[in-house]
Amino acid sequence: MRGFPAFVRRSCAVLLQIIYLIAISAEAMTGALSAGRRRMDLFGVVIIASVTALGGGSLRDIVLGHYPLGWVKHPEYLAYTVCAAIAATFLAKKLHYLRRAFLWLDALGLIAFTLIGCAVAREGGHAPVIVVIAGMLTGAFGGVLRDVLCNEIPLVFQRELYAVISLLTGVAYLLMLRLGVAENLSVLLCLGGGFAFRLLAIRYEWEMPKFVYQ
């Protein structure tokens, strides 16, 4: 993140880290609730929660050959998800009151995961198209894996704009860097813009055109 004082660069990294930890905890709780709707035991709940929260980043690392996987290098991430999953089983009857908060956290997590995924791919020296795809895998595919394991059609393929917003965020991030915008400013602008775009998509139910074949 050249062009800014060191403390500003560190602050941006810390901000993303905090958002990441909050987001994986929220994603783990939504995964646990999905498992509960399928009447899974506690082991199944923890697995589904972990896949939801960490599956996108793990898939990205496997595709890019980036080892060790994020949660292997930082096992505390796995601890966060397990604790969040178990907490969700005790708080399930009250969590529906926080639906709006979860939507906001999910939107923020989507963009933060995307930018982190893009940064990992860039550091690996990959081509721009791979950087964008890596960001999208990190941001959106934890939910895909959750729905597949729960025997459901993935929500990202049939509801409001989700994976598309992740892709557009990655493209915007690379374009800003190509135009010479400082990296941490690019991250902050994309974080705010992508978050706002996702909230608007939820509010106005923006969707991709659907293909219907009888």
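Select H2 and helix H4 (residues 75-95): their axes come within 9 Å and cross at roughly 130°. Axes here are lines fitted to C-alpha atoms, for helices over the stretch in contact, with angles running from 0 to 180 degrees between N-to-C directions. Helices are DSSP runs (H or I, at least four residues) numbered from the N terminus.

This is a predicted model, in which local features need pLDDT of at least 70, side-chain atom pairs count only at pLDDT 80 or more, and totals for chains, interfaces and linings use all residues. Residues are numbered from 1 along each chain as its sequence is written, and side-chain values use heavy atoms, with hydrogens and water left out.

**Stop 1: H2 and H4**

H2 and H4 are therefore oblique to each other. Angles under 35 degrees count as roughly parallel, over 145 as roughly antiparallel, 65 to 115 as roughly perpendicular, and the rest as oblique.

Show side chains next. From H2, pick Leu42, Val45, Val46, Ala49, Ser50, Ala53 and Leu54; they meet Tyr77, Leu78, Thr81, Val82, Ala85 and Thr89 in H4. Contact means heavy atoms within 4.5 Å. By class, this contact of H2 with H4 has 10 nonpolar, three polar and no charged residues. Ala, Val, Leu, Ile, Met, Phe, Trp, Tyr, Cys and Pro count as nonpolar, Asp, Glu, Lys and Arg as charged, and the others, Gly among them, as polar.

**Stop 2: H2 and H5**

Select Ala53, Arg60, Asp61 and Leu64 in H2; they meet Phe113, Ile116, Gly117, Val120 and Ala121 in H5. The contact of H2 with H5 has six nonpolar, one polar and two charged residues.

**Stop 3: H5 and H6**

The axes of H5 and H6 come within 7 Å and cross at roughly 140°. That makes H5 oblique to H6. Residues in the contact include Leu110, Phe113 and Gly117 of H5 and Ala134, Gly135 and Ala140 of H6.

**Stop 4: along H6**

Center on alanine 140: H6 has a kink of about 50° there (the bend is the angle between axes fitted to the seven residues ending at a residue and the seven starting there). Step past H6 to asparagine 151, whose phi is positive, near 60°.

Notes. Helix = DSSP H or I, 4+ residues; strand = E, 2+ residues; numbered from the N terminus.
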